[in-house]
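Subject: Structure handover

Hello,

Here is the structure you asked to look at. Please open it alongside this message, and read the notes below with it in view.

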Amino acid sequence: MKIRVNRDVLADAVAWAARVLPSRPVVPVLSGLLLGADEELSLSAFDYDVSAQARIEADVAEEGQVLIPGRLLAEISRSLPAEDVEIVTEGQEAVLTCGSAEFGLITMPVEDFPTMPTMPPSIGAIGGGVFASAVGQVAPAASRDDTLPMLTGIRVDIEGESLTMAATDRYRIAARDLTWRPVAPDVAVSAMVPARVLVDVAKTLRGGEVAMALGDGVAGFESVGRSTTVRLLDEQFIDYRTRLTADWSIRADVPVTAFVNAIKRVALVAERNTAIRLSFSQGHVRIQAGGGDIGRGSEVVECELRGDDIQIAFQSQFLLDGLTGIDTDLARINMESPTRAALIQDVPGDAQPSFRYLVMSLRLG
């Protein structure tokens, strides 16, 4: 193999593909990036659960494949001078030259690298910005505890042009409704996608549309020359829709930015895992925390309350995760009593709310 490629383009693609490399690979070849040169250069990584492939433009003098230690290649490529990079295979080495810098990297057997999964059939596409925003709203509610894999995923429910993402860690539920462009108008599918993979895909989008694919227990996401596949989780999931459609006797509309900033300030005196107390009354809400060994804090923010006055408490980060998912000026907090969960949603005027976040309340001390 012999190729020449722009240094910045190479470094960006290597960093993107190398992000899925396992920190402790079960076999050495899984620590490698597979470079393949034909009409362009492809860079592939695979750990049996998640695959990533980037395709970039390159001047290909000789076609071929080479398997190079991925993390080392990422470190080298981003430290190279701003000149074109040449990669040539010579025996057991891949010789990388950039200006006066030269590296001879010991390669691994290409034949030992596992066969990359094929991209399943496409079922539709969605704007990259909308996709990234929705994942960012829902993902905080997914669990980080791998002992219950179902809770570490994001549920994707698709019915025609309607797409819903949902996640829960048992203490809160987040859901976002979207419209998208399906391949077939009558498509109706559901899947449980690992949240960490969706977050990773969303973070690395470069614009344009994201094509989504499903089939044979695998989900695929493709955008602007970059594709990721991931093995799906078990489809078992809670009936989140019924939990998000209760009747609420108390409703408070608060300005999101002012409310979030006040909570962050007051939380500075809250000890770990202690409650942020909210006292809603006509015209304002008082945010309080502390009172222990550190100190106490209090701040008042205006709000519009419908229903009786109420005092209710939440874990501060759980509350902030819901509020920062709101993309309207006002957030609506629906409540029933201090001991029941509250529903946070956006206030989109006459339209139905697209984001809903149910969070458990804490016992008032």
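Asp-216 counts as exposed, because its relative accessibility is 84% and the cut-off for exposed is over 50%. Please keep in mind that this is a predicted model. Asp-216 sits in the loop between β16 (209-215) and β17. Its phi angle is near 55°, which is a positive value in a residue other than glycine.

Val-224 is placed in the loop between β17 and β18. Is Val-224 buried, partly exposed or exposed? With a relative accessibility of 44%, Val-224 counts as partly exposed.

The largest cavity holds about 100 Å³ of space. Its lining is made of 13 residues, and those nearest the centre are Trp-16, Thr-204, Leu-205, Ser-223 and Arg-226. Both β17 (218-223) and β18 (226-231) supply at least two residues each to the lining of this cavity.

Next is the largest pocket, with a volume of about 380 Å³. It is lined by 17 residues, and Asp-146, Thr-152, Pro-194, Ala-195 and Arg-196 are the closest to its centre. Which elements give two or more residues to this lining? They are α4 and β18. Helix α4 gives the most, with 3 residues.

The C-alpha atoms of Asp-47 and Asp-146 are separated by 17 Å, and the two residues are 99 residues apart along the chain. Asp-47 is found in the loop between β3 (41-46) and β4 (50-56). Asp-47 is buried, because its relative accessible area is 19% and buried means under 20%.

Now the salt bridges. Side chains of opposite charge can pair when their charged atoms come close. The structure holds 16 salt bridges, and some of them are described here.

Arg-19 forms a salt bridge with Asp-200, and the closest N and O atoms are 2.6 Å apart. This pair links distant parts of the chain, as Arg-19 is in the loop between α1 and β2, Asp-200 is in helix α4 (residues 195-203), and the two are 181 residues apart. Arg-19 counts as partly exposed at 22% relative accessibility. Asp-200 is partly exposed too, with a relative accessible area of 24%.

Arg-7 and Asp-8 also meet in a salt bridge through their side chains, at 2.7 Å from N to O. Which of these two partners is buried, and which is partly exposed? Arg-7 is buried, because its relative accessible area is 17%. Asp-8 counts as partly exposed, because its relative accessibility is 46%.

A further salt bridge joins Glu-304 and Arg-306, with the closest N and O atoms 3.5 Å apart. Glu-304 is partly exposed, with a relative accessible area of 43%. Arg-306 is partly exposed as well, at 46%.

Val-27 is placed in the loop between α1 (7-18) and β2 (32-37). Val-27 is partly exposed, with a relative accessible area of 32%.

Last, the record. An unreviewed UniProt entry carries the annotation "domain: DNA polymerase III beta sliding clamp N-terminal", which covers residues 1-117. In the model, the end C-alpha atoms of residues 1-117 lie 24 Å apart. This span is 19% helix and 44% strand.

Regards

How values were computed:
Residues numbered from 1 in each chain as written. Predicted model: local features only at pLDDT ≥ 70, side-chain atom pairs only at ≥ 80, totals over all residues. Heavy atoms only, no water. UniProt positions renumbered as here; feature names shortened; annotations may be inferred. Helix = DSSP H or I, 4+ residues; strand = E, 2+ residues; numbered from the N terminus. Buried < 20%, exposed > 50% of the residue type's maximum accessible area, 1.4 Å probe, protein only. 1 Å grid on protein atoms, 1.4 Å probe; cavity = no way out; pocket = protein on both sides within 12 Å on 5 of 7 lines; lining within 4 Å. Points joined across faces, edges and corners; volume = space filled by probe spheres on them. Salt bridge = Lys/Arg side-chain N within 4 Å of Asp/Glu carboxyl O.
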